[in-house]
Amino acid sequence: IFWIQGNLLITSAFRETINQIELKNHPGRTKLDAMVEDTISPEERASISARLVLLAPPCEFNEVFEGEYVRVISGDHPTTQKKLAAAAAQYNRDQMIPVKLPNAEYSSLITAHGDLGNGQFLCPRSHSTFHYDHLKQTASDVKGLDPNDADGGDTTAEPWRHALEVAITEYTLEHFPSGSVAVYAPAVTNEDRRLVACIVSQFRKHQS
């Protein structure tokens, strides 16, 4: 095991070796499990696990999150689980994960611009909010917003927001068929209005 600036690096040969060895007094427990549990504090384990999750390539969050290294390092300590949940939320916002709401023609996006706090997100296309489970990557509790609800953004800019959304959606469908679009009109406290357009097109490694 090599320690470099707080990161745990394990060679594949070393991992294969220790995974074949079980401790005498702990059947089913490898030396890697014991070494991590006995030498790394819960706070350090939480920090390392979160960094590993944030390094997951696009579309491969589940592979990393459910992988051996994260499983062994994180364990089931409440501190690590809380840190992993926060890392998953950051990852989903950074990657602008698409999410299909019930009866929706187009996917919405998980973005910092639509984050309303407490797991709630805005879908500007349908002018609704929904709750998003960052670990399960599922949406629920979809609720429509009143026309003048501040959570929906700058209502006076809606005609421009909608027009931009339509134009970008048409462009995306033509050039990136699997892409998703979200256009926001952030609420403003002065006359400096703006629109924010987010476009995501994901390529999955197993896609034929």
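Val183 has its bridge partner in strand β12, and that partner is Ala197. The two belong to a pairing of β11 (residues 180-184) with β12, which is antiparallel and spans five bridges. Pairing here needs at least two bridges found by DSSP between two strands. The names come from DSSP too: helices are H or I runs of at least four residues, strands are E runs of at least two, and both are numbered from the N terminus.

Buried means under 20% relative accessible area, exposed means over 50%, and partly exposed is in between, using a 1.4 Å probe and protein chains only.

A word on what you're looking at: this is a predicted model, where local features need pLDDT of at least 70 and side-chain atom pairs count only at pLDDT 80 or more, while totals for chains, interfaces and linings use all residues. Residues are numbered from 1 along each chain as its sequence is written, and side-chain values use heavy atoms, with hydrogens and water left out.

Strands of a sheet pair through backbone hydrogen bonds, either parallel or antiparallel. In this one, four strands run in the order β7-β8-β9-β10, with antiparallel pairing. The edges are β7 (115-117) and β10, each with a single partner strand, so one side of each has no neighbour in the sheet. From one strand to the next, the twist averages 30°; such angles run from 0 to 180 degrees between N-to-C directions, with axes being lines fitted to C-alpha atoms, for helices over the stretch in contact.

Inside that sheet, β8 (residues 120-123) joins β9 through four bridges in the antiparallel sense, and Cys123 sits opposite Ser128 of β9. Thr129 is also part of β9, and it counts as buried at 9% relative accessibility. Setting aside neighbours within four places in sequence, its contacts (heavy atoms within 4.5 Å) include Leu116, Phe121, Val142 and Leu145. Leu145 belongs to the loop between β10 and α7 (158-175) and is buried as well, at 15% relative accessibility. Leu145 and Thr129 are 16 residues apart in sequence, with 7.1 Å between their C-alpha atoms.

Gln137, in the loop between β9 (128-133) and β10 (138-144), has a positive phi of about 55° although it is not a glycine; at 25% relative accessibility it is partly exposed. Asn103, also not a glycine, has a positive phi of about 65°. You'll find Asn103 in the loop between β5 (98-99) and β6 (108-109), exposed with a relative accessible area of 85%.

Finally, the helices. Two packed helices are described by the angle and the distance between their axes. For α3 (residues 42-54) and α6 (residues 78-95), the axes come within 8 Å and cross at roughly 20°. That makes α3 roughly parallel to α6, a label for angles under 35 degrees; over 145 is roughly antiparallel, 65 to 115 roughly perpendicular, and the rest oblique. Among the residues making the contact are Pro42, Ala46 and Val53 of α3, and Lys83, Leu84 and Tyr91 of α6.
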